[in-house]
Amino acid sequence: MEETDVQNMELLQKRISEIGIIPVIKIKDAAGAVPLAEAVARGGLPAAEITFRTACAEEAIRRITAELPDMLVGAGTVLTVEQASRAKDAGASFIVSPGLNPEVVSWCLEASPSSPASVRRRTSKRRFRSA
C-alpha cells in the first residue's frame, strides 16, 4: 500500500470519527434519496451508509454523491465483490459488510485503499477455511 493510500484511509477514518454517527439508511425509492440525505445533513449528520438491501441502493448512492458532493456516503450490507464494485462506481467512499468476506476485503484494498471494508464485530460471521 502506498503512502498516499494510507493517508487517504486515515483522512476517511478521521472524517468518520469527527462526524461521530453514520446513519444507516435503507432506501426503497431512489427518487427520495437526495431529499432524505439533505434532511440528514441539515440535522447535523453530513454522512450516510446506504444499505444494499434494496435494488435501488446503487442509484441512491449515485444521486446523493452527485447532488451533495460534501456528504460522506458509503455502502452497507455489502456481501459480494460485485456489490462493492457497483457501490464504488456509484461514488461510495466506504464499504461496510455485516460479515468478513475475504474476497470483498481484498477487492476493497486493491480497488480503493481509502475505502476498506469494515466489519461489525458483533455480527461478524467469519468462516475459517483449512489450508
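In this predicted model, helix H4 passes helix H5 in a right-handed crossing. The two helices, H4 spanning residues 81-90 and H5 spanning residues 102-111, pack at an angle of about 30°, and their axes sit 9 Å apart. That angle makes H4 roughly parallel to H5. On the H4 side, the contact is built from Val 81, Ala 84, Ser 85 and Lys 88, which meet Glu 103, Val 104, Trp 107, Cys 108 and Ala 111 of H5. Sorted by class, that comes to six nonpolar residues, one polar and two charged.

Arg 86 pairs with Glu 58, with the closest N and O atoms 2.7 Å apart. Since Arg 86 belongs to H4 and Glu 58 to helix H3 (residues 57-67), this pair ties together parts that are 28 residues apart in sequence. Arg 86 also meets Glu 82 in a salt bridge, at 3.1 Å from N to O. Those two residues are both in H4, four residues apart, or about one turn of the helix. Salt bridges with shared partners link Glu 58, Glu 59, Arg 62, Arg 63, Glu 82 and Arg 86 into one network.

Within H3, Arg 62 and Glu 59 form a salt bridge of 3.7 Å, N to O; they are three residues apart, so about one helical turn separates them. As for accessibility, Arg 86 is partly exposed at 25%, and Glu 82 is partly exposed at 46%.

Elsewhere, Phe 94 lies in strand E4 (residues 94-97). Its relative accessible area is 6%, so Phe 94 counts as buried.

Technical notes. Residues are numbered from 1 along each chain as its sequence is written. This is a predicted model: local features need pLDDT of at least 70, side-chain atom pairs count only at pLDDT 80 or more; totals for chains, interfaces and linings use all residues. Side-chain values use heavy atoms; hydrogens and water are left out. Buried means under 20% relative accessible area, exposed over 50%, partly exposed in between (1.4 Å probe, protein chains only). Axes are lines fitted to C-alpha atoms, for helices over the stretch in contact, and angles run from 0 to 180 degrees between N-to-C directions. Angles under 35 degrees count as roughly parallel, over 145 as roughly antiparallel, 65 to 115 as roughly perpendicular and the rest as oblique. A crossing is left-handed if the near helix is turned anticlockwise from the far one by less than a right angle, and right-handed if clockwise. Contact means heavy atoms within 4.5 Å. Ala, Val, Leu, Ile, Met, Phe, Trp, Tyr, Cys and Pro count as nonpolar, Asp, Glu, Lys and Arg as charged, and the others, Gly among them, as polar. A salt bridge is a side-chain nitrogen of Lys or Arg within 4 Å of a carboxyl oxygen of Asp or Glu.
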